[in-house]
Amino acid sequence: MADADSRAAARTATLIALPLALIAGALAFWLLGGLGGGNGGKQAAGSASPQPTTTVRMPAPSLAATPATVCRGLIAQLPGTVRSARRRPVSDGAEQNAAYGQPALRVACGVAAPKVAETATVYQLSGVCYLAAKQSDGSSVWTTVDRTVPVAITVPASYSGAGQWAAEFSDPIAGSVPSSDTAPSGCH
């Protein structure tokens, strides 16, 4: 009798557990975007989307030996993905330039140091000090002003929170590009 009771209990448990597992799996699939579920078919912020792997055109000015070495070190430390933006090849200067996503977020090492006015606002982002400059196309360029070799990060206008995108590169910059003794007073 105990054997029949055990089989009946196992059968009942299976009849309850199997449909619950299927429902949970279907719900998880839907919430994670399967069949356009969870977010009305819209691409969620920070989620992966199809991105081109085409080359991004970037200039590569000639660098002296020390900046070239520093830039190679920085570019080697940059991640393959920033948020959901994957790294893309660059046309020139792969040892000093990097690009991510579409439209391309650009990192250029060894750029000309910006002129920082006494009254300019500088931004301390994760231990690195930047001067932001709005461009005519709506993009912004965030250039380091506290490093021996300046690094510029161009954030396209379509990226919200431009400073937050620039801050994504602060750790590799701080770890690869030495601090300068001549940083603007707002950087300390």
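**Exercise 1. Which residues have the most contacts inside the largest nonpolar core, and how many residues does this core have?**

Before starting, note that this is a predicted model, in which local features need pLDDT of at least 70, side-chain atom pairs count only at pLDDT 80 or more, and totals for chains, interfaces and linings use all residues. Residues are numbered from 1 along each chain as its sequence is written, and side-chain values use heavy atoms, with hydrogens and water left out.

*Solution.* 

Step 1. A nonpolar core is a set of buried Ala, Val, Leu, Ile, Met, Phe, Trp, Tyr and Cys residues joined through side-chain atoms within 4.5 Å. Buried means under 20% relative accessible area, exposed means over 50%, and partly exposed lies in between (1.4 Å probe, protein chains only).

Step 2. Read off the core. The largest one has 27 residues, and Tyr-100, Ile-153, Phe-169 and Ile-173 have the most contacts inside it.

Step 3. Assign elements. Helices (H or I, at least four residues) and strands (E, at least two) are DSSP runs, numbered from the N terminus. Two or more residues of this core come from each of helix H2 (65-77), E3, E4, E6, strand E8 (151-155) and helix H3 (162-167). H2 gives the most, with four residues.

Step 4. Compare with the general rule. In soluble globular proteins, nonpolar side chains tend to be buried together.

**Exercise 2. Describe helix H2 and explain why its buried residues line one face.**

*Solution.* 

Step 1. Check the length. H2 has 13 residues and reaches 19 Å from its first C-alpha to its last, close to the expected 18 Å. The expected span is 1.5 Å times one less than the number of residues.

Step 2. List the buried residues: Ala-68, Val-70, Cys-71, Leu-74 and Ile-75. Because they fall within an arc of 165 degrees seen down the axis of H2, they line one face of the helix. The arc is that of the directions from the helix axis to the C-beta atoms.

Step 3. Look at the other face. Turned away from the buried side are the exposed residues Ala-65, Thr-66, Ala-76 and Gln-77.

Step 4. Find the partners. The buried residues of H2 pack against E2, E3, E4, E8 and helix H4 (170-176), where contact means heavy atoms within 4.5 Å.

**Exercise 3. Is Gln-96 buried or exposed?**

*Solution.* 

Step 1. Locate the residue. Gln-96 lies in the loop between E2 and E3.

Step 2. Apply the cut-off. Its relative accessibility is 4%, so Gln-96 counts as buried.

Step 3. List the neighbours. A polar atom of the Gln-96 side chain lies 3.1 Å from the backbone oxygen of Pro-61.

**Exercise 4. Which residue in the hairpin of E1 and E2 takes a positive phi?**

*Solution.* 

Step 1. Pair the strands. Two strands pair if DSSP finds at least two bridges between them. Strand E1 (residues 81-82) and strand E2 (residues 85-88) pair in the antiparallel sense over two bridges, with Val-82 opposite Ala-85.

Step 2. Examine the turn. Two residues stand between the strands, and Arg-83 takes a positive phi near 55 degrees. At 36% relative accessibility, Arg-83 counts as partly exposed.

Step 3. Continue to the next strand. E2 is also joined by two bridges to strand E3 (residues 97-100), again antiparallel, and Arg-88 stands opposite Ala-99.

Key:
A polar contact is a pair of N or O atoms within 3.5 Å; within protein, one must be able to donate a hydrogen and the other to accept it, and residues adjacent in sequence count only if both atoms are side-chain atoms.
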